[in-house]
Amino acid sequence: MDLDKQRQWFEQRLLARFLRYVKVETTSDKNMNTIPSSKGQLDFAAMLLQELKDLKIPNAALNTNGFVSATLPASAPSLKQQTIGFIAHLDTTPDLTGAHVKPIVHENYAGKAIALKRGIRLTPKASPALKNYLNRTIITSDGTTLLGADDKAGVAEIMTALEFLKNHPQIPYPNIEIIFTPDEETGRGMSRFPLKQIKSDVCFTVDGGEEGTLEIECFEAYSLKVTLFGQSIHLGEARGKLINAVELAARLVETLPKNESPQATDGRFGYYSCVELQASIERARLEILIRDFTPKECKRRIKVVTSIINSLEQLYPGARSNLEIKKQYSNMRQSLKTYPKLVTILEQAIRRTGITPKRTYIRGGTDGARLSEMGVPTPNIFTGGHNFHSYREWIALPAMVRATQTIIYLAELWFSFHETHGRKNEKQ
Ligand SMILES: [Zn+2]
């Protein structure tokens, strides 16, 4: 079917939704242990629940943790047994304010630098992708907050695709499950994911960046919690006796290879990063993150940290340590291998929107990485947004249209795909 003809409808629906969503403050809170970690996420979830009800999508529900879910039943009788899911997150990063977002719609973008408040400038030099949207609509914040395209663009795109599919039952599609999740940015939301309730064979997070990209790999991630114990004594009588845990911690941080830090690496190179440190003479606690695309490299780095800690105990006799190693998430590549045709269909769907798909990887994790680990392969689709977690965050409306169309084509392609290559056949 020709979705291009309906472009105006998509633009109008997406813009109205997106502008409404970004105005709800949904900043998550790292320091709260509740899920959701902030009330704004529940307000946004309630707003989406009402919209789903207005669209007459069955089973629309909101649970106490802020997960919004609904299922649009299959339009093709032969696909009643098939379910695919789409996921986006409700929260915005706690690193930058998301209160009182005032989105600015720049129609007919002329290709020049865009001046925002507080002297913040968005320039084609620093953001070359802007040039792809000459004479089209770009959306930014006013420069005093983030925009929130991460991931309200994803939410708007899923909602709009759902509305379109609901109104076009002549398109053959499987059951479409949608889940909006809280606290993606704090990494905590997925611990409460309603996995038992989910029927999807595969899911897609709509939480990526540049249009055309599909993210099928992410980091392997570990958190190392290190406790270093010193030995306290009155500082006046400390000679030859004091073991200062503050110094132990400083030495540990200083010894981590600086050429393998986040600020020194990119591409497929992983890193160590000490992200938290609390220290007093008696005791220091540190959190060190280990990231890499391969388990082997992560294990090598864990060994390095272990060996640095052991050497501290040698250098400061009497010092003691404790190390807790926690796996946070795995590279989704392994899980996607169980469903090899998945990436092919996704690329086909993107190509149908008129652009070239671009496989890429995430230097981080997504809710999809966690879900893949739980057994539901979940690659990440672009939203069209750029400069996430920044005052210069922006998104182009045509990219949002193509993200929405990708979701619709995916649903449609599922039909032809399963007619010829059902999952069972594939596994044989
Ligand atoms: Zn995101």
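Me: Which residues lie nearest the centre of the largest pocket?

Reply: E184, E185, T186, G187 and R291, out of 49 lining residues. This is a predicted model, where local features need pLDDT of at least 70, side-chain atom pairs count only at pLDDT 80 or more, and totals for chains, interfaces and linings use all residues. Residues are numbered from 1 along each chain as its sequence is written, and side-chain values use heavy atoms, leaving out hydrogens and water.

Me: What makes a space a pocket, and what a cavity?

Reply: On a 1 Å grid over the protein atoms alone, a cavity is a set of points where a 1.4 Å probe fits but cannot get out; a pocket is an open set with protein on both sides within 12 Å along at least five of seven lines, and lining residues have an atom within 4 Å of a point.

Me: Why is the largest pocket said to lie between domain 1 and domain 2?

Reply: Domain 1 (3-218 + 331-427) and domain 2 (220-328) both give residues to its lining, so the largest pocket lies between them. The domain bounds come from an automatic or database assignment.

Me: What makes strand 8 mostly covered?

Reply: Buried means under 20% relative accessible area (exposed is over 50%, partly exposed in between; 1.4 Å probe, protein chains only). Seven of the seven residues of strand 8 (175-181) are buried, so by that definition the strand is mostly covered. A strand here is a DSSP run of E, at least two residues long, numbered from the N terminus.

Me: Which strands pair with strand 8?

Reply: Pairing takes at least two DSSP bridges. Strand 2 (68-72) has five, antiparallel, and strand 3 (83-89) has seven, parallel, so both qualify.

Terms used: Helix = DSSP H or I, 4+ residues; strand = E, 2+ residues; numbered from the N terminus.
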